[in-house]
Amino acid sequence: MTITKIEKPLETVYNTSITCDSCVKSITESIMKNDGVEKVECDVPNQTVSVIANIAPSKIIESIQETGRDAIIRGVGTPNSAAVCILEDFANQLNSKNEREVYGLARIVKTKENESFVDLTLTGMKPKGSYFASIRSSGDLSNGALSTGPSLYTLPEIKCDDTGKCTQFTSIPFGIDQLIGRSMTVSNNIKDVFLDSMVGVIARSAGAWENDKYVCSCTGKNIWQERSDAKHRGIEH
């Protein structure tokens with residue numbers, strides 16, 4: 001795992017199962033074990049946890065999951081400061097649900113005018129070994145990673161273990177507005193991408209407290225049904 005702490009802590013809001021003071025205690029204690037956490041606030045009626053920290057949001061989700069609960073990120077950072085990229089496999093056919101296989105998720109949050117942090121999680125990568133994520137000039141996925149244009153920036157090497165999982169938290173020299181509509185690829189080659197390289201378009205996501213929806217207007221599913229679908233597709237965090 002590549003870990004780089006953010007200079008200025010940011011606020012992230014999560015949904016999880018909180019029903020009593022005992023829940024609040026176990027969640028708070030688990031999160032506070034992480035170096036870099038400044039504040040944890042649990043809201044029992046609204047089932048939310050607000051965390052101010054300078055570490056990866058995916059690490060906070062892992063801490064909540066260690067208490068036996070699942071968690072969903074509802075928003076991170078200030079308004080218009082966050083983005084997300086779902087990394088999919090464009091080399092193979094769509095599955096029975098007309099979906100592509102998902103192998104990774106990148107959450108991106110702006111911390112300075114021309115700096116953002118990437119919280120990247122890859123799962124099911126084969127073979128194990130070294131991979132390189134890259135910000136591409138185009139968001140054209142008509143031919144998968146091959147149609148995304150030249151690389152604008154390559155993130156540090158990330159190494160996946162025998163399970164095919166790896167995580168990275170690192171900075172990139174771009175603001176969010178410079179990234180929206182472009183793409184991110186993941187390849188086992190530092191210079192080139194291939195048809196079987198993972199790829200996704202970078203899209204804007206909600207800041208802390210900006211997302212209060214509990215039912216998706218597109219699917220009619222609530223947030224936990226959507227979460228179940230995401231986990232089934234390999235999105236753990």
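Is C23 buried or exposed? C23 has 8% relative accessibility, so this cysteine counts as buried. The model is predicted.

## Cysteines

The structure contains one disulfide. The bond links C160 and C166, with 2.0 Å from S to S. Both ends are covered. C160 counts as buried at 7% relative accessibility. C166 is buried too, with a relative accessible area of 5%.

C20 itself counts as partly exposed, at 33% relative accessibility.

## Nonpolar cores

The largest nonpolar core has 24 residues. Within this core, I108, L122 and M184 touch the most other members. Strands 6, 7, 8, 9, 12, 13 and 14 each supply at least two of its residues.

Is C23 buried or exposed? C23 has 8% relative accessibility, so this cysteine counts as buried. The model is predicted.

## Cysteines

The structure contains one disulfide. The bond links C160 and C166, with 2.0 Å from S to S. C160 counts as buried at 7% relative accessibility. C166 is buried too, with a relative accessible area of 5%.

C20 itself counts as partly exposed, at 33% relative accessibility.

## Nonpolar cores

The largest nonpolar core has 24 residues. Within this core, I108, L122 and M184 touch the most other members. Strands 6, 7, 8, 9, 12, 13 and 14 each supply at least two residues of this core.

What does M184 touch? Leaving out residues up to four places away in sequence, its contacts include C85, L87, I108, V118, I135 and M198. A second, separate core holds 16 residues. Among them are Y14, C23, V40 and A53.

## Helix 2

Helix 2 runs over residues 57-65. This helix is mostly covered, with seven of its nine residues buried. The buried ones are P57, S58, I60, I61, E62, S63 and I64.

Definitions and conventions:
Residues numbered from 1 in each chain as written. Predicted model: local features only at pLDDT ≥ 70, side-chain atom pairs only at ≥ 80, totals over all residues. Heavy atoms only, no water. Buried < 20%, exposed > 50% of the residue type's maximum accessible area, 1.4 Å probe, protein only. Helix = DSSP H or I, 4+ residues; strand = E, 2+ residues; numbered from the N terminus. Core = buried A, V, L, I, M, F, W, Y, C linked by side-chain atoms within 4.5 Å. Contact = heavy atoms within 4.5 Å. Disulfide = S-S within 2.5 Å.
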